[in-house]
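Here is a friendly walk through one protein model, taken a few residues at a time. Keep the sequence and the 3D view open as you read.

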Amino acid sequence: MRIRLTPRTSEFYVLFVRAADNALEVARLVERRFREHPSSDVTQERVKAEETEGDTITRDIITLLNTQYITPFDREDIYLLATEMDDIVDYLEEASDLLGLYGVEMPTRHAVEQCGVIVRACEQLALACNNLKGMRGVQEALIELKLHEDEGDRVLRDALASLFRDEGIDPLIVIRWKDIYESLERALDACETAANVIANIVVKNA
């Protein structure tokens, strides 16, 4: 690949907004899929299509990074932010896929709550990315995102406790829901890691 000397720094901001918007769209689709299961019109194919779009955006960011001599902030931070937002979408798609793969008949209250928390976290992440160029309102969005991540931790603890509290529950059901809960939790963790990267960018460029 050729390194271009002509600055195209503004394109990074556009791509980060697209990546965050994609993560938010996938989070909303997965939340609906869980909430309305088994009669939701949100199919796994639709979720997968959005996940594939997210992969394309990530590749575009990395290609731009590899061909630009001048970048708006540290190259490592650009790469980390791109891959963490990609991870959000990947883990959400994984959780959605497990819903069908495991033949889940009805979603649990905790899974629906987890999905709702992830949507709210992704909303704040999208807000932070939209404001990243001007650096205004970013910290407020990140603080709000952290509150949602803490809420997600509480929901996960309650979810796991409910699985192991019922001695009569089928062990296969425990395994299936534990996998789903943990995929959703990894998506939320990726939101928090992306937020931490953005916070570092803000500090470095203050």
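## Leucine 98 and how to read the model

Leucine 98 is buried, as its relative accessible area is 11%; buried means under 20% relative accessible area, exposed over 50% and partly exposed in between, with a 1.4 Å probe and protein chains only. The model is a predicted one, in which local features need pLDDT of at least 70 and side-chain atom pairs count only at pLDDT 80 or more, while totals for chains, interfaces and linings use all residues. Residues are numbered from 1 along each chain as its sequence is written, and side-chain values use heavy atoms, with hydrogens and water left out.

Leucine 98 sits in helix H3; helices here are DSSP runs of H or I with at least four residues, strands are runs of E with at least two, and both are numbered from the N terminus. Setting aside residues up to four places away in sequence, leucine 98 touches Asp179, Ile180 and Ser183, where contact means heavy atoms within 4.5 Å. Between the C-alpha atoms of leucine 98 and isoleucine 88, ten residues apart along the chain, the separation is 16 Å.

## The nonpolar core

Which residues touch the most other members of the largest nonpolar core? They are Phe34, Met85 and Ile198, in a core of 65 residues. A nonpolar core is a set of buried Ala, Val, Leu, Ile, Met, Phe, Trp, Tyr and Cys residues joined through side-chain atoms within 4.5 Å. At least two residues of this core come from each of helix H1 (9-36), helix H2 (44-67), helix H3 (75-101), helix H4 (109-130), helix H5 (138-165) and helix H6 (171-204). The most come from H6, which gives 15 residues.

Isoleucine 198 is worth a click. Apart from its neighbours within four places in sequence, isoleucine 198 is in contact with Leu81, Leu125, Ala128, Cys129, Leu132, Val138 and Leu142.

## Aromatic pairs

Three aromatic pairs turn up in a search of the whole structure. Rings of Phe, Tyr and Trp (its six-membered ring) pair if their centres lie within 6.5 Å; planes under 30 degrees apart count as stacked, over 60 as edge-to-face and the rest as tilted. Phenylalanine 16 and phenylalanine 73 form a stacked pair, at 6.2 Å centre to centre with 20 degrees between the planes. Because phenylalanine 16 is in helix H1 and phenylalanine 73 is in the loop between H2 and H3, this pair ties together parts that are 57 residues apart in sequence. Phenylalanine 16 and phenylalanine 73 are both buried. The rings of tryptophan 177 and tyrosine 181 have centres 5.5 Å apart and planes at 35 degrees, so this pair is tilted.

Tyr13, Phe16 and Phe73 are linked into a cluster by ring pairs. Tryptophan 177 and tyrosine 181 both belong to helix H6, four residues apart, or about one turn of the helix. An α-helix has 3.6 residues a turn, so residues three or four places apart point the same way. Tryptophan 177 counts as buried at 7% relative accessibility, and tyrosine 181 counts as buried at 1%.

## Helix H6

H6 has 34 residues and spans 49 Å from its first C-alpha to its last, close to the 50 Å expected at 1.5 Å a residue; the expected span is 1.5 Å times one less than the number of residues. At the start of H6, a side-chain oxygen of aspartate 170 comes to within 2.9 Å of the backbone nitrogen of leucine 172.

## Cysteines

How many disulfides does a search of the whole structure find? The search finds zero, a disulfide being a pair of cysteine sulfur atoms within 2.5 Å. Cysteine 122 is in no disulfide, and the nearest cysteine sulfur, that of cysteine 191, is 3.8 Å away. Cysteine 122 is buried, with a relative accessible area of 0%.

The sulfur of cysteine 129 is too far for a bond, because the closest cysteine sulfur, in cysteine 122, is 10 Å away. Cysteine 129 is buried, with a relative accessible area of 2%.

## Methionine 106

Is methionine 106 buried or exposed? Methionine 106 is exposed, with a relative accessible area of 54%, and it is found in the loop between H3 and H4. Not counting residues up to four places away in sequence, methionine 106 touches His37, Pro38 and Trp177.

Definitions and conventions
Polar contact = N/O pair within 3.5 Å; in protein donor to acceptor, adjacent residues only side chain to side chain.
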